[in-house]
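Student: I would like to go through this protein term by term. Please tell me each time what a word rests on.

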Amino acid sequence: MSGPASSLLGVYRMPDAVFVRGAGTRLVAEDGRVYLDFTAGIGVNALGHASPLVRSAIETALGTGLIHVSNLFRTRPAEELARVLVDRSGLDQVFFCNSGGESVEGAIKFARKWAKARGGEAKHRIVALKGSFHGRLFGSLAVTDRPDFRDPFRPVMPGVDFADPEDPVGVREALSRERTAALIAEPIQGEAGIRPLPGDLLRDLREWTREKGIALILDEIQCGLARSGTFFAHEASGITPDILCLAKALAGGLPMGAVVMSRAIAAAMAPGDHGTTFGGGPLVASVARTVVETLGRADFLEGVRLKGERLRRGLEQVAGANPDCVAEVRGRGLLWGVELSRTAGPVIEEARERGLLTVPAGSRVIRLLPPLTVRRAEIDDAVEVLAGAIGTVARAA
């Protein structure tokens, strides 16, 4: 980051713009410039900036005087939110935490305890897929297929095997009845460049893990909660996992994660086996219930699908007009990746100069994940700006 030195630890490459206000799909910088936000806080702000629903939910929750009471005591908001998630997922119990990384950490712990109770100490290994991203804590980092992320912090959690989702036979062979506790997968791989797993592969994963007594963990931290056009991304495949990891959009911008699990997995856990200080607090849970109920409405989901189709068509037109620069467009709902034949950074920077905020997914992919409340005209504007940015960079090359 250029400009005056910041007291913030510099682990992110941030542009100079300082954002001070937001509304809907727009962010306003300190210098008065207005930007079209197609990052949504990396999928967090599903209802947009300054959402009246989120604001009202916060104000209502504050009116109770309960911000935090700890998990030593019961409060209604967490129990009511858990019931909504259980009803929508077909699973049975929920553990709340504060982030996606914590959700994956919890899922790994729960799966290992369940598996070892069934198969002994040897049944502890986790199979993850190549191209995966599950977080940056020591367990979630260990199941993330990014050596550049892992190497500076080795040794990370042991007991992880990687299998290539493009080689289903190899995935099946990596699963051991005696040694494997769980398989973890993203229905749409995010950091790998927005790569949806085929529905038949997800169905195979469900069948193979069930056959071998292995827990199937689905990480829908980015692709879940309406982002794909269905409430959960795995719904299109017709399966139910044993464990489901959620976060990002869950509480409309407030920090929250969840591990949703089957009764069998939950039964393996005893009081004291895991814990959280802030997870499921009454304020954040109250807001999350409003968000989840909004995202789950049939008309809202239909709107996401229709707007997603509009975005897809626009991006494919951009690809068709720039065949030497755009290699592929892929995604679902309002989660799309534009893979370039060159590094994406210059296009992202040019788009930002033109007032459009995007985020990379790997070195060559431009990721677009606007608020789910984005207007159709804003989709058209974003496509036009992106097309101009790609054209400018291509001509300069």
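**Terms and their cut-offs**

Student: How do you know that β2 and β3 pair?

Tutor: Count the bridges. Strand β2 (residues 26-29) and strand β3 (residues 34-37) are joined by 3 bridges and run antiparallel. Two strands pair if DSSP finds at least two bridges between them, so this count is enough.

Student: Where do the numbers come from, and what are they based on?

Tutor: Residues are numbered from 1 along each chain as its sequence is written, and the model is predicted: local features need pLDDT of at least 70, side-chain atom pairs count only at pLDDT 80 or more, while totals for chains, interfaces and linings use all residues. Side-chain values use heavy atoms, leaving out hydrogens and water.

Student: What makes β15 a strand, and how many bridges join it to β3?

Tutor: Strands are DSSP runs of E with at least two residues; helices are runs of H or I with at least four; both are numbered from the N terminus. β15 covers residues 356-357, so it qualifies. It has 2 bridges to β3, and the two run parallel. Aspartate 37 stands opposite leucine 357 there.

Student: Which strands make up the open sheet of 7, and in what order?

Tutor: The order is β4-β12-β11-β10-β7-β5-β6, with mixed pairing.

Student: What makes β4 and β6 edge strands?

Tutor: β4 (93-97) and β6 (160-163) each pair on one side only. Neighbouring strands of the sheet are turned by 20° against each other on average, direction ignored. Inside the sheet, 4 bridges join β7 (residues 180-185) to β10 (residues 215-219), and these run parallel. Leucine 183 has leucine 216 in β10 as its bridge partner.

Student: Which strands does helix α4 touch?

Tutor: Helix α4 (residues 100-119) packs on the sheet. It touches β4, β5, β7, β10, β11 and β12 (contact means heavy atoms within 4.5 Å). Its direction makes about 165° with that of β11. Helix α8 (residues 199-211) lies across β7 and β10, at about 150° to β10.

Student: Why is aspartate 242 called buried?

Tutor: Its relative accessibility is 16%. Buried means under 20% relative accessible area, exposed over 50%, and partly exposed in between (1.4 Å probe, protein chains only). So aspartate 242 falls in the buried class. Its place is the loop between β10 and β11.

Student: What makes its link to arginine 206 a polar contact?

Tutor: The two side chains make this contact at 2.8 Å. A polar contact needs N or O atoms within 3.5 Å; within protein, one must be able to donate a hydrogen and the other to accept it, and residues adjacent in sequence count only if both atoms are side-chain atoms. Aspartate 242 also touches other residues, including Leu91, Leu216 and Ile265.

Student: Is lysine 248 buried, partly exposed or exposed, and where is it?

Tutor: At 23%, lysine 248 is partly exposed. It sits in the loop between β11 and β12.

Student: Is alanine 40 buried or exposed?

Tutor: Its relative accessible area is 0%, so alanine 40 is buried. It is found in helix α1 (residues 40-43). Alanine 40 has a positive phi of about 50°, though it is not a glycine.

Student: Why are α11 and α13 called roughly parallel?

Tutor: The axes of α11 and α13 (residues 376-396) come within 10 Å and cross at roughly 20°. Angles under 35 degrees count as roughly parallel, over 145 as roughly antiparallel, 65 to 115 as roughly perpendicular and the rest as oblique. So α11 is roughly parallel to α13. Among the residues that meet are Leu306 and Leu311 in α11 and Ile379 and Val383 in α13.

Student: What else does α11 lie across?

Tutor: Helix α11 (residues 298-321) lies across β13, β14 and β17 (365-368), at about 5° to β14. The open sheet of 4 strands here has the order β13-β14-β17-β16, with antiparallel pairing. Its edge strands are β13 (326-332) and β16 (359-360). Glutamate 328 stands opposite glutamate 339 in β14.

Notes:
Axes are lines fitted to C-alpha atoms, for helices over the stretch in contact, and angles run from 0 to 180 degrees between N-to-C directions. Lists of a residue's contacts leave out its neighbours within four places in sequence.
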